[in-house]
Amino acid sequence: MPVGTAGTVKAVPQETLESLGAEIILGNTYHLYLRPGHEAIRRMGGLHRFISWPRAMLTDSGGFQVFSLSQLRKVTDEGVRFRSHLDGSSHFFTPEHSMDVQIALGADIAMAFDECTEYPADRTRAEESLRLTMAWARRSLDHFRSHRDEVVWRDELGGQTQNLFGIVQGGMYADLRRQCAERLVEMDFDGYAIGGLSVGEPREMTLEMIAEVLPLLPRDKPRYVMGVGYPDEIERYAKLGVDMMDCVLPTRAARHGLLFTSEGRVNIKNKKYAEDQNPPDPACACPVCQRYSRAYLRHLMQAGEALSGTLNTIHNLAFYLGIMERVRGELAGQE
RNA sequence: GCACAGGUGGCCGAGCGGUUAAUGGCAGCAGACUGUAAAUCUGCCGCUCCUUGGAGCUACGGAGGUUCGAAUCCUCCCCUGUGCA
């Protein structure tokens, strides 16, 4: 799932995402709440209509911002007080508030408000963080279920109502993770996510946590690992049975000049590509690789041209989506 | 021709007697990026040599001079900009 935090998958227009075959993109509750404001988006018919995206959307709850904006927030049982990174103003987020905002935005999938536990976190800290996430999961679900019918754009949601996913936390402690998963499943969410991974821990640990939790999540509901990963990682997780993943890596790295290809990483800024007439990835069928050379992409990057970010991002997203398409084919072939 | 103001490392531009191979910025080279405070951040960036650390050399228009010591002070010369003729 390409990440479109502020109502755009940075540098790429919606029609291009469609043509690349993206079926679902993300939006972010915290960022859209601050700007342009969830009420404004609600008045304009919801997030799908506002950004003109006809396919599925998922909004993250703002839980990750509890983690990433740690310098600007204060966490209590009730919720989180944030200082806006835009203007310094103070805002209070609770699970109920996050649900209200996400209901106003109207994405197909909303996420429970959680606390993304930092790494490293000792057991006491992980337990405390998990306690908070569990309490917030309950409150998120109760509030969501009792309010989601207040605002629904059924056309945008394919005639359906919104769904809510729970998020498994527990630091890097397998037993805490399992305990969390079991309790979330009892609450009966519409889907389940594994969060708090790829926050600095070794890769084997990430894999271990996923492997521990996945078997406890119902197979007939979507299983989503949040915030991963590198090309080889998403392929591996998908083969384990993960249905959904999102990551800023393909888009952010693209804007910074890093292309993921069948031949590995290509840092398109490198001098060695200055007159390289080959496509970014000879094995790639994406519109960028069909038309442009490494030399041109390097030039755009060097010249600071906006098109650079656009073309690089299109390629990386095509590469990522291609991995998933291939794995899906392989998995289907096995059954 | 006269009067001011200037000439600093690829470029712009600080420094105005020692802690200065010389602040910054740009350009250049390389690296990082994992539910986006990211078109961002980090490192290198005169030359040569050895292992980190260092050693040597060459540098602030040119040539002299003052001084223990000069990009910084003095003299002359060259060049640039602006103003007046």
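This is a predicted model: local features need pLDDT of at least 70, side-chain atom pairs count only at pLDDT 80 or more; totals for chains, interfaces and linings use all residues.
## Cis peptide bonds

Start with Arg-35 and Pro-36. A cis peptide bond joins them. Its omega is about 10°. Where does Pro-36 sit? Pro-36 lies in the loop between helix 2 (29–34) and helix 3 (38–43).

The peptide bond from Tyr-119 to Pro-120 is cis. Here omega is near 0°. Pro-120 is placed in a loop too. That loop runs between strand 6 (109–111) and helix 7 (123–147).

## Positive phi at Ala-11

Ala-11 is not a glycine, yet its phi is positive. The value is about 80°. Find Ala-11 in the segment before helix 1, which spans 14–20.

Is Ala-11 buried, exposed or partly exposed? Ala-11 has 18 C-beta neighbours inside 10 Å, so it counts as partly exposed. Being buried would take 20 or more, and being exposed 12 or fewer.

## Positive phi at Asp-188

Asp-188 also has a positive phi without being a glycine. For Asp-188, phi is about 65°.

Asp-188 has 11 other C-beta atoms within 10 Å. The cut-off for exposed is 12 or fewer. Asp-188 is therefore exposed.

How values were computed:
Residues are numbered from 1 along each chain as its sequence is written. Chains are lettered from A and ligands numbered from 1 in the order in which they are written. Helices (H or I, at least four residues) and strands (E, at least two) are DSSP runs, numbered from the N terminus.
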